[in-house]
Amino acid sequence: MTQQVEDATRRTPLNRDRVLSAAVVLADEAGIESLSMRRLAQELGVVPMALYKHVANKEELLDGMVDVIVGEIDPPVGGADWKNAVRLRILSARRSLLRHPWARQVLESRTNRTPAVLGYMDSFIGMFLAGGFSVDLAHHVMHALGSRMWGFTQELFDDSANAAPDPVTAETHAAMFQEMATRYPNILEVAMAAKHDDGSVVGQGCDDQFEFEFALDLLLDGFGRFHDQGWTSKRAKLEK
């Protein structure tokens, strides 16, 4: 039966959507480093040249994969106030990124903003404008949100890249702990006070989702206060 399904899939006419979907699946299963035009062609049962009828090169393939991710993000919730609408949309984007661990790396590498990406940004800004934000405030709000609108942010305590490659002995660990206590007591105090989960990227086990939502809610509350106060930037005041 599996062979029959594979044969039927290979006979399905190739189109751009099928190429992009297959690329996303391949990146999910094997990692973005394993994605190449040749490998993707093998997965689709075609020769590599067949792909170039639908994507000009790997960069366009990656742009298209980002479009797939954007398409998974829920549209703005109708009838909701601006704060809830923005919060729900960002958390939907975060769920999409968590489903595709490679997506953050690809998003950060993109220099070309496709219509899908521009459409998402436009509708995102539209939620603030519909909530009564001035164009000036909406501009600065978008800067403050940064990558958080895509569901991720660079974490202060993300030390996964510097993690020791091999387990350390108890003696070495104790020595490292003592050095931290002497040289960086404040960092150590905060780290020891936190309750941890094993799967975190924020630090040695911090609750990533909680930290993300905590920071998001702080930002949204701050945006709301500025909006209620009729805040205007110095530059906008000078231009009036």
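Me: What makes the span of helix 5 close to the expected one?
Reply: Helix 5 has 15 residues and reaches 21 Å from its first C-alpha to its last, close to the 21 Å expected at 1.5 Å a residue. The expected span is 1.5 Å times one less than the number of residues. Helices are DSSP runs of H or I with at least four residues, numbered from the N terminus. This is a predicted model, in which local features need pLDDT of at least 70 and side-chain atom pairs count only at pLDDT 80 or more, while totals for chains, interfaces and linings use all residues. Residues are numbered from 1 along each chain as its sequence is written, and side-chain values use heavy atoms, with hydrogens and water left out.

Me: Which residues of helix 5 are buried, and what covers them?
Reply: L61, L62, D63, G64, M65, V66, I69 and V70 are buried, a term for under 20% relative accessible area, with exposed meaning over 50% and partly exposed in between (1.4 Å probe, protein chains only). Their cover includes helix 2, helix 3, helix 6, helix 7 and helix 8.

Me: Why is T153 called buried?
Reply: The relative accessibility of T153 is 17%, and the limit for buried is under 20%. T153 therefore counts as buried. T153 lies in the loop between helix 9 and helix 10 (170-183). Leaving aside neighbours within four places in sequence, T153 is in contact (heavy atoms within 4.5 Å) with R104, S147, R148 and F212.

Me: Why is the pair E72 and R99 called a salt bridge?
Reply: The closest N and O atoms of E72 and R99 are 3.2 Å apart. A salt bridge requires a side-chain nitrogen of Lys or Arg within 4 Å of a carboxyl oxygen of Asp or Glu, so the pair qualifies. E72 lies in helix 5 and R99 in helix 6, so the pair ties together parts that are 27 residues apart in sequence.

Me: Why are E72 and R99 called partly exposed?
Reply: E72 has a relative accessible area of 27% and R99 one of 44%.

Me: What makes E213 and R87 a salt bridge, and which parts does the pair tie together?
Reply: The closest N and O atoms of E213 and R87 are 2.9 Å apart, which is within the 4 Å limit. E213 lies in helix 12 and R87 in helix 6, so the pair ties together parts that are 126 residues apart in sequence.

Conventions:
Helices (H or I, at least four residues) and strands (E, at least two) are DSSP runs, numbered from the N terminus.
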